Every structure is written in C-alpha cells, then in structure tokens.
2 protein chains.
Amino acid sequence: MRKTIFIFAALVVALLVLFQLSKYSLLTGNSSIEAIIAIIAIVFFVIGVIINKRILHKEKNVTQEINHKKIEELGLSKREYEVLCEIATGLSNKEIAEKLFVSESTIKTHVSNVLVKLDAKRRTQAIQIAKELQIIPI
Amino acid sequence: MRKTIFIFAALVVALLVLFQLSKYSLLTGNSSIEAIIAIIAIVFFVIGVIINKRILHKEKNVTQEINHKKIEELGLSKREYEVLCEIATGLSNKEIAEKLFVSESTIKTHVSNVLVKLDAKRRTQAIQIAKELQIIPI
DNA sequence: GCTTATTTCATACTTTAGTATGAGTTCTCA
DNA sequence: TGAGAACTCATACTAAAGTATGAAATAAGC
C-alpha cells in the first residue's frame, strides 16, 4: 500500500515537471515539439505498462494463495491438513506414516476425518475438493 | 497476428495525427499546451495498458493448454486418457464404469495400463504426474 | 484443576484398488 | 485379408483404502 502511494506521488511530480519543462521549452524555442511529445508519450506508455503489470500480478497471486480461513471453517486440524497435503502429492497411507514418523493406523484415522470434513468419499475426490476450495496449492 | 498489425498501424496513424494536431494548435494558439500534453499522456497510458494486457493474456493461455504431444509420447489411447481424466475428478472405478457404460473390470484394465504408462504406483500419484506433464487441466 | 481438542495407536472389519492372465470383438491399415 | 492395436470382459487374487470403536497421552484454554 505504501508503494502504491509513493508511485502515485512520483507520478504527479513527474507530470508537473513535464508540464513546466514543455512550457518553458516551447516558449523559448529551445527544442522541437516532436521531441517533447515523444518523451511524454514514452513516459506515459511506460507508466501504463508498469501499473497494469502490478495490478495483474496481484490478481495472479490472489488466485494462488491458500485460503486459510476456509481451512478453519472446515475444522481441519494441523495434522489433518498436513496429511491432506501429502495425499495430494500422491503418497500412500504407509508412505505418509513413514514421512511423518507415526503409524499407518494414525494416518488412517486422520484420512477418515479429512474425508468427513471435506465431504468426500475417496482421497481422490478430497484432492479435487481441496483444490476447488483453494486450501492446497494447485 | 492480423490484430497486432492492425493495432500497430492504428497506433502510428494516431501518433502522426497527434503530431500535426499539436503543432497546428500551438502555432495558432487555439488551445493550451496543458490540454494537449494531457491528451497525449492519456492516449499513451491507455495504449500501454492495452498492449501489456494482450501480452499477459497470451502467456496465461499458454500455461493452461493441454500437451497433446506428451499424450502421444506416453502411448495413452483415447479410452485410457478418458479414464485418466475421470480419475482426476475423483470418481471410483465403479462410477467411471457407469459413466462410460462399460464394466468395472474394463475400467480396472484401463487404470492399470494408465499407471504403467505414467509410471505411477497409485491413482493419486497418476493425477499428480498427469498435471505436471500438463496432459490434464489443472 | 478440569474440560476439551488433538494426536496417537490398535484391532477387526468391509470396500475399493490394483495385478495377472486369458480371451473375444472390433477397427484400422498395409 | 490378415496382422496388430484398441476395447471389452471375466475370474481370481493381493494390496491398499476406508470405517468403526475404543482408548491413552498430551496440550490448550477457562
């Protein structure tokens, strides 16, 4: 937010400077009109591109961000969410158990809870639902 | 491609018109310098935004396209690819069988072939691999 | 301190997934 | 027309996945 304010301030300053500069140049006849127009055109073209890029970049990031509020809403615990992420990478219960240093039956319990909370019948469906809810990275 | 050429042509024409217009206006003293500068600034700002938007839009579309060459490379048949897509939506073998009007054992055969061709141990892993290879929509 | 949620684990069970094998049918292409 | 690929299906099996239940340990909050 601070950056945006700073950029707009700089923009206004640049605009005023250009105004005065062009006025002075034209009245004294030191430089051609074409050059001034070209400079103005280039400056504002660049400004347009930069601002547009910033806005689109923010939009992109929003779509990739994980919806932490949704995770809370669903009542997923830390461990359950962890297991869900491992499921999405394609690991089996046994592999997840080894990775998290717990028994396979523990993972089964977590998986069952995750399925209930996500309202899924299978782990493959859970992956899809989780991605739609944007609670795991695509 | 035609659109791009057309846009650039229109851009050049607009530029020349602005040149002549500003020159005329300034020499005859009909309008203020500020107004002309403002118009030029706005026009090129808009041009910058539009061009930037077009480029980014194209980039976005490229990342969402399905890699048909990869599907051929992997040797996936039509039916196998169809089954793979259904797996990715979270359906069980039985549900896929009902959807495609074939028996469950047929689906099992297809799934087995898909797993071998994608070098996956499980269907969840197959989903991940398929998404990384960009052969199924994210 | 007591309650509650979380994490852990086990056992027993049902269901689904996946493998292996064989075989019949259809379609294409040389 | 005949060889090969693709699609279909069945049976029998093993391996995972998922459910249900109970229970113990721990951490967090009132």
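# Two chains and how they meet

UniProt, in an unreviewed entry, lists residues 69-134 of chain A as "domain: HTH luxR-type". Keep in mind that this is a predicted model. In that model, the span 69-134 of chain A is 76% helix and 0% strand, and its end C-alpha atoms sit 10 Å apart.

**Size of the interface**
- The size of an interface is often quoted as the accessible area lost when the parts come together.
- Here, about 3,100 Å² is buried between chain A and chain B, and carbon and sulfur atoms give 70% of that.
- Chain A brings 35 residues to the contact, and chain B brings 35 residues as well.

**Polar contacts and who supplies the surface**
- Going across the interface of chain A and chain B, the rule picks out four residue pairs in polar contact, with both residues at pLDDT 80 or more.
- On the side of chain A that touches chain B, helix 1 (2-28), helix 2 (33-64), helix 4 (78-88) and helix 7 (123-132) of chain A each supply at least two residues.
- Helix 2 of chain A gives the largest share of that side, 15 residues.
- Sorted by class, the side of chain A that touches chain B holds 17 nonpolar, nine polar and nine charged residues.

**Salt bridges**
- Side chains of opposite charge can pair when their charged atoms come close.
- Over all chains, the rule counts ten salt bridges.
- Across the interface of chain A and chain B, the rule finds two salt bridges.
- Glu95(B) pairs with Arg122(A) in a salt bridge, with the closest N and O atoms 2.7 Å apart.
- Arg122(B) forms a salt bridge with Glu95(A), and the closest N and O atoms are 2.7 Å apart there too.
- Arg122(B) is in the loop between helix 6 (104-118) and helix 7 (123-132) of chain B, while Glu95(A) is in helix 5 (residues 93-100) of chain A, so this pair joins two chains.

Notes. Residues numbered from 1 in each chain as written. Chains lettered and ligands numbered in written order. Heavy atoms only, no water. Contact = heavy atoms within 4.5 Å. Buried area = accessible area lost by both parts, 1.4 Å probe. Salt bridge = Lys/Arg side-chain N within 4 Å of Asp/Glu carboxyl O. Polar contact = N/O pair within 3.5 Å; in protein donor to acceptor, adjacent residues only side chain to side chain. Helix = DSSP H or I, 4+ residues; strand = E, 2+ residues; numbered from the N terminus. Nonpolar A, V, L, I, M, F, W, Y, C, P; charged D, E, K, R; others polar. UniProt positions renumbered as here; feature names shortened; annotations may be inferred.
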